[in-house]
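Subject: Structure handover

Hello,

Here is the structure for you to look over. My notes on the pockets, the sheet and the annotated domain follow.

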Amino acid sequence: IKASNSLSFSLQAKMSRPVRARRLEGIDKNIWVEFVKLAATYSKVNLGQGFPNFPAPDFLTEAFTRALSGGNHMLHQYTRAFGHPPLVKVLAQFFEKLLGRDLDPMTNVMVTVGAYQALFCCFQALVDEGDEVIIIEPFFDCYEPMVKMAGGTPVFVPLRPNPPKDGKLMSSADWQLDPAELASKFSKQTKAIVLNSPNNPLGKVFSHGELGLIAELCVKHDVLCISDEVYEWLVYDGKQHIRIASLQGMWDRTVIVGSAGKTFSATGWKVGWVVGPDRLLQHLRTVHQNSVYHCATIAQEAVAQGFQRELMLYGKPESYFVQLPKELQQKRDWLVQSLDSVGMKPIVPEGTYFLVADISQFKSDVPDVPNSDEPYDYRFAKWMVKNKGLAAIPLSAFYSEAHKKNYTNFIRLCFAKEEATLKAANDILQKWKQEKTSS
């Protein structure tokens, strides 16, 4: 009996001890868990998550098949931890062309498990306890928790909408930084700024002037730039993606984050990379070595072959990097037209998979929830997926707690979908419009 009591006491003592690390405090909630489940349960058309439901290009899947079934059995084993040699070599060649500088594939490029792990490596390697990191709002939602997990303090600065006066639809270019407000966020504690251009969720492509302002402040205050450029090839209407690392004084302080998932429409492959100076990447390599260590060899081999093809076709009409944005621009325009026709005012994006739509005119459709402090955009998105079968993401999820309440009249939708999916979305919207008109 004594032994039994002792065992019981021992178990109770172990269970009463806190198990969660302090660095997870306040970041345990994640919008994707809730909204992915809602979409899986209710949606007929899912424009929520940012992944294409059309196939990756044939040349890429054929490269994967060759790697999988070919005679090189070593492609089933470990490769170099910091990047499969053929992939880092071709990435270095590609970025030499884009940045106009010589790159060493072994020290200026590192391959990661998607851009997500690349970002994690950046924050863990470069941000210390007490460091401040400037984040431009709206922002891809992982930036804030990743900064906090590294011990840093996020400092937020919003893009402010400036609607056109001529009655035209707003563009993502109409959302701009206030130069004085941005400058006021830099201090002695500022270690880095996170730049995401083209921006998710807004689709904004930062102009040369806007990037010049950010670069000037980074140089003045000796601040690093973590430049998330996963949508670098997905820009529309003749816009140009400008890499901030190419601006004066920025190469030595910038880490560029890229994604094969977005580049080649294969988000499930989880192949990403960082490009930057060795003085920064050497610290990212330490984090990478001691966390995931390695990325799937066969996927890296196939992505390397994809880039080799694109290097040969660079700038030519048959290049995938030329064809894909043309196709996506057309899809964007279809969705813009559908939303506009029913009174959901779209903000026309200059890039990415996404557009944001103003849902102010639909407040009478969505019943109030008594004693709820849930923002309108959350209530709207949940009501829409449950009652109309159309999934989207509330925009305020991409804002800090302090600023969420100012941006609750918008949702984010993904247009990187098959034509049939966008047509089905349009059918839902048009039926909804008819119901509103008849009632």
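A pocket here is an open set of points on a 1 Å grid over the protein atoms alone, with protein on both sides within 12 Å along at least five of seven lines, and the points are those where a 1.4 Å probe fits. Lining residues have an atom within 4 Å of a point. Grid points are joined across faces, edges and corners, and a volume is the space filled by probe spheres set on the points.

The model is predicted: local features need pLDDT of at least 70, side-chain atom pairs count only at pLDDT 80 or more, and totals for chains, interfaces and linings use all residues. Residues are numbered from 1 along each chain as its sequence is written, and side-chain values use heavy atoms, with hydrogens and water left out.

Largest pocket

The largest pocket holds about 850 Å³ of space. Its lining has 25 residues, and K29, N30, I31, E401 and K404 lie nearest the centre. Two or more lining residues come from each of helix 2 (31-42), helix 5 (114-126) and helix 6 (143-149); helix 6 has the largest share, five residues. Helices (H or I, at least four residues) and strands (E, at least two) are DSSP runs, numbered from the N terminus. The lining has 13 nonpolar, three polar and nine charged residues, where Ala, Val, Leu, Ile, Met, Phe, Trp, Tyr, Cys and Pro count as nonpolar, Asp, Glu, Lys and Arg as charged, and the others, Gly among them, as polar.

Second largest pocket

This one holds about 560 Å³ of space. It is lined by 23 residues, with G50, Y116, F140, K262 and K270 nearest its centre. Helix 5 and helix 9 (260-263) each give two or more of them, and helix 5 gives the most, four residues. The second largest pocket lies between domain 1 (30-35 + 43-56 + 320-438) and domain 2 (58-313), because both give residues to its lining. Those bounds come from an automatic or database domain assignment.

Seven strands form an open, mixed sheet in the order 2-10-9-8-7-3-4; two strands pair if DSSP finds at least two bridges between them. Strand 2 (109-112) and strand 4 (153-158) are at the edges with a single partner strand each, so one side of each has no neighbour in the sheet. Strand 2 runs antiparallel to strand 10 (residues 272-275), joined by four bridges.

Regards
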